[in-house]
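I opened this notebook to keep track of what I looked up. The entries follow the order in which I checked things.

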Amino acid sequence: MRRVVVIGSKGQLGSDLVRELGVRDRILPLSHQDLEICDHAGAREVLTGLRPDAVVNTAAYHRVDDCENHESRAFETNAAAILNLGRICNDLDALLVHVSTDYVFGGDGDRTSPYTEEDPPCPLNVYGASKLAGENLLREECRRHLIVRTSGLYGLAGDRNFVAVMLRLAEKGRPLRVVDDQRLGPTYTAHLARKMVRLLASTARGTVHVTNQGVCSWYEFARRLFELAGLTADLTPITSQEFGAKATRPAYSVLANEALSRAGLEPMPHWSQGLADYLAGKRSGR
Ligand SMILES: NC(=O)c1ccc[n+]([C@@H]2O[C@H](COP(=O)([O-])OP(=O)(O)OC[C@H]3O[C@@H](n4cnc5c(N)ncnc54)[C@H](OP(=O)(O)O)[C@@H]3O)[C@@H](O)[C@H]2O)c1
């Protein structure tokens, strides 16, 4: 049985990974309380003591707008700490599975076709740049790594993700203005976690895109959510400019899951199925 550490084990992806991995592996979950990845010496001590075969890192500083004002914190968490994890994994001869983002893309203009793993990254904001720096450091320094890029995550353990916030506001009858000019492949963390377990067991290494299939804008995503949830919401499409977020976000950041199919793994379910499964999980109180 492999010994697999999950860093960020109480997060939305981390908690789904702990559940999925527990079936065949010995799980060693580490919450933020157990391990602070920016404490380089502390991380080395904890991980060395656990003797893992693989370390899955889901921890990040991913508040996209806050990153614009806290650039050094973004790079410390999303790049320097990741390099440290990579070096520790080298010394332990462990595989490091690291989660990255579609926001490493978007800066190349009028894109309308999904980004493949071979496309050159082009981030538009500090968050994307810091996550790209983390990826590049692993490529240069970490012998055994798997970088999983994903997009628009929501899971049952999260209460600040787009889906949870939309449901909360709609239930209160609030008018909702949602951007309709950013297109992506939003992804349910339970689906992602299940696929990551398969990837871990496969020979796939390097960079792999894993997102729910299909494309939508945030507005279209919200509209489908309310249809599936049977909620009547006062929903209006707006532009990113009207919304006026601090960080610029890609108008298009859809990821083609080519490496996944090269590894012989089934495609992920459609994003609409992700929403349906999330709502079913919520109803069953999972
Ligand atoms: N959320 C998205 O839409 C999205 C999209 C694409 C890619 N990603 C990437 O996917 C990964 C997982 O995202 P998620 O949505 O599951 O995040 P999440 O729910 O916020 O979970 C992250 C977990 O890591 C912990 N953590 C944060 N900073 C840490 C640190 N410095 N040291 C140790 N633990 C720390 C958090 O604890 P606290 O809550 O106590 O801080 C939390 O439990 C991240 O790498 C993110 O960049 C996310």
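I began with strand S5 (residues 145-150), which pairs with S10 in the parallel sense over 4 bridges. I took strands as DSSP runs of E with at least two residues and helices as runs of H or I with at least four, numbered from the N terminus. I counted two strands as paired if DSSP finds at least two bridges between them. Leucine 146 stands opposite glycine 206 in S10.

I noted that this is a predicted model, where local features need pLDDT of at least 70 and side-chain atom pairs count only at pLDDT 80 or more, while totals for chains, interfaces and linings use all residues. Residues are numbered from 1 along each chain as its sequence is written.

Next I looked up the sheet. It is open, with 6 strands in the order S2-S1-S3-S4-S5-S10 and parallel pairing. Strand S2 (26-30) and strand S10 (206-209) stand at the edges with a single partner strand each, so one side of each has no neighbour in the sheet.

Then I checked the helices. Helix H2 (residues 40-50) packs on the sheet and touches strand S1 (3-7), S2 and strand S3 (54-57). Helix H5 (residues 126-141) also packs on the sheet, touching S4 and S5. Contact here means C-beta atoms, placed from the backbone, within 7 Å.

Last, I turned to the ligand. Of the 23 residues around the ligand, Gly8, Gly11, Leu13, Ala59 and Ala60 come nearest; a residue counts as near if its C-beta atom, placed from the backbone, lies within 6 Å. H1 gives the most to this shell, with 3 residues.

Conventions
Two residues are in contact if their C-beta atoms, placed from the backbone, lie within 7 Å. Axes are lines fitted to C-alpha atoms, for helices over the stretch in contact, and angles run from 0 to 180 degrees between N-to-C directions.
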